[in-house]
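Please open the structure in a viewer and keep the selection tool at hand. The stops below are arranged as a tour, each beginning with a selection.

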Amino acid sequence: IHRQRAIQADVCGTETIPHLPLPPCRPEARVWTVMLLLGTCLLYCTRVTVPICAVALSTYFDWDKKQSGIVLSSFFWGYCLTQIIGGHISDQIGGEKVLLLSASAWGFLTVLTPLLTRITSAHLAFMASSRFLMGLLQGVYFPSLASLLSQKVRESERAFTYSTVGTGSQFGTLVIGGAGSLLLDWYGWESVFYFSGLLTLLWVYCTCKYLLSEKELIIPIDCLMRGLSISKQTKVPWKQLFRKAPIWAVIIAQLSTASTFFTLLSWLPTFFKETFPESKDWVFNVVPWLVAIPTSLFSGFLSDHLISQGYKTITIRKFMQVIGSGVSSIFALCLGQTSSFCKAIVFASASVGLQTFNHSGISVNVQDLAPSCAGLLFGKDSCGKGVICVYLAGYLIETTGSWISVFNLVAAVNSIGLCAFLLFGEAQRVDTDSAYMDL
């Protein structure tokens with residue numbers, strides 16, 4: 001991670017060093033990478049609280065699968081609404097400011113959720129609204145991260161850096177899967193919310209205190225208002241940009257892979273709990289995500305290594321996507337057919353683990369295509385992901401009584417995105433903003 005060579009004008013018209021405070025020296029850059037990884041970890045710790053507690057919540061509030069599906073999918077209705085604006089603001093005022101503001105808000109919301117359930121009798125409406133608001137707050141995270149990395153990371157290092165930070169999603173699911181399962185058994189579902197919410201607030205405090213100066217934490221109101229408006233005079237030629245097939249290829253692929261990932265993330269705990277009721281929660285909530293951490297790191301290392309050896313960038317991106325979407329879907333289909341707990345753990349671990357190859361495929365392809373507006377473009381890519389598939393999975397389970405239909409859905413949606421990317425995907429830059437030329 002490094003600073004750009006040229007000094008550029010910021011959104012308020014003053015000449016400053018680029019707004020991102022990532023330092024040029026390698027030790028501090030490593031610290032920032034670790035902190036971003038921890039931020040992603042805590043993002044998923046709070047996000048996965050409801051899937052981990054889904055069975056307990058269903059019993060406590062007397063919900064059926066359709067009602068559970070409403071609560072689980074409500075997160076994504078909010079999540080898709082702030083993707084675009086989150087990416088745009090991050091491109092303008094700095095991704096680290098957006099990350100910390102949103103993390104503070106979702107940390108407080110997670111802590112308050114169990115407390116607020118005691119003052120209302122409309123539990124379904126409240127939990128759905130709470131998850132919707134959580135989605136709004138967390139929707140800005142990955143567009144902000146994409147904006148941050150696209151401006152501060154060389155192309156040859158993007159896959160490994162993104163994969164490293166991206167492992168926070170698996171690590172967070174692993175932490176909440178292990179600690180959350182124990183807390184759930186010992187102290188009830190409320191303790192899982194307190195645990196993840198308080199850790200998030202601690203991360204925000206440490207990041208603000210030790211990595212950012214007071215000046216860097218201040219966001220001038222006029223800068224924020226300009227960031228909130230997407231000017232018609234923007235340098236990015238959106239009409240021409242969205243006429244290009246590679247842009248639509250990465251959008252379709254991103255929607256497909258994100259939808260299937262969140263479907264598995266939301267429903268796997270319930271699948272194992274109902275299909276293998278005698279199994280230990282911490283096993284199926286931990287093992288798949290434990291496998292996903294090294295596979296994510298390996299995919300990033302392999303991608304950057306192959307590109308450095310002279311292979312075409314788009315060839316490597318597509319190769320990674322074949323593994324992330326295609327091979328992982330095969331194991332998802334196998335998961336629906338097995339009646340053995342051990343085999344189910346193996347298939348789930350393989351499917352979840354191989355999906356991390358997407359980090360080195362379409363996730364960094366956004367930065368290949370348009371680094372000058374990667375945050376905003378990532379937001380457009382991510383709109384609507386998970387909303388339909390997560391709810392549809394609950395509907396299919398309730399109406400058919402079979403989990404096979406869910407895993408068939410995962411494979412079908414993955415296939416659509418993979419085909420689009422293989423046919424039309426490219427890695428050559430298509431934006432025209434010279435302010436963010438690669439160094």
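Begin by selecting C206 and C208: the sulfur of C206 is 9.5 Å from that of C208, the closest cysteine sulfur, which is too far for a bond. A disulfide is counted here when a pair of cysteine sulfur atoms lies within 2.5 Å. This is a predicted model, in which local features need pLDDT of at least 70 and side-chain atom pairs count only at pLDDT 80 or more, while totals for chains, interfaces and linings use all residues. Residues are numbered from 1 along each chain as its sequence is written, and side-chain values use heavy atoms, with hydrogens and water left out.

C206 itself is partly exposed, with a relative accessible area of 26%; buried means under 20%, exposed over 50%, and partly exposed in between, with a 1.4 Å probe and protein chains only.

Next, select C45 and C41. By the rule above, the count of disulfides comes to zero. C45 is in no disulfide, and the nearest cysteine sulfur, that of C41, is 4.2 Å away. C45 is buried, with a relative accessible area of 1%.

Now select residues 189–210, which form helix α10. Helices are DSSP runs of H or I, at least four residues, numbered from the N terminus. The expected span of a helix is 1.5 Å times one less than its number of residues. Buried residues in α10 include W189, F193, W203 and T207.

Proceed to K65 and E274. Which residue forms a salt bridge with K65? The partner is E274, and the closest N and O atoms are 2.4 Å apart. A salt bridge requires a side-chain nitrogen of Lys or Arg within 4 Å of a carboxyl oxygen of Asp or Glu. A search of the whole structure finds one salt bridge. K65 lies in helix α4 (residues 65–79) and E274 in helix α14 (residues 245–275), so the pair ties together parts that are 209 residues apart in sequence. K65 is buried at 17% relative accessibility, whereas E274 is partly exposed at 39%.

Not counting residues up to four places away in sequence, K65 touches W267, T270, E274, G394, I397 and E398, contact meaning heavy atoms within 4.5 Å.

Finally, select F262, F272 and L335. These residues touch the most other members of the largest nonpolar core, which has 75 residues. A nonpolar core is a set of buried Ala, Val, Leu, Ile, Met, Phe, Trp, Tyr and Cys residues joined through side-chain atoms within 4.5 Å. Helix α14 supplies the largest share of this core, nine residues.

Key:
Helix = DSSP H or I, 4+ residues; strand = E, 2+ residues; numbered from the N terminus.
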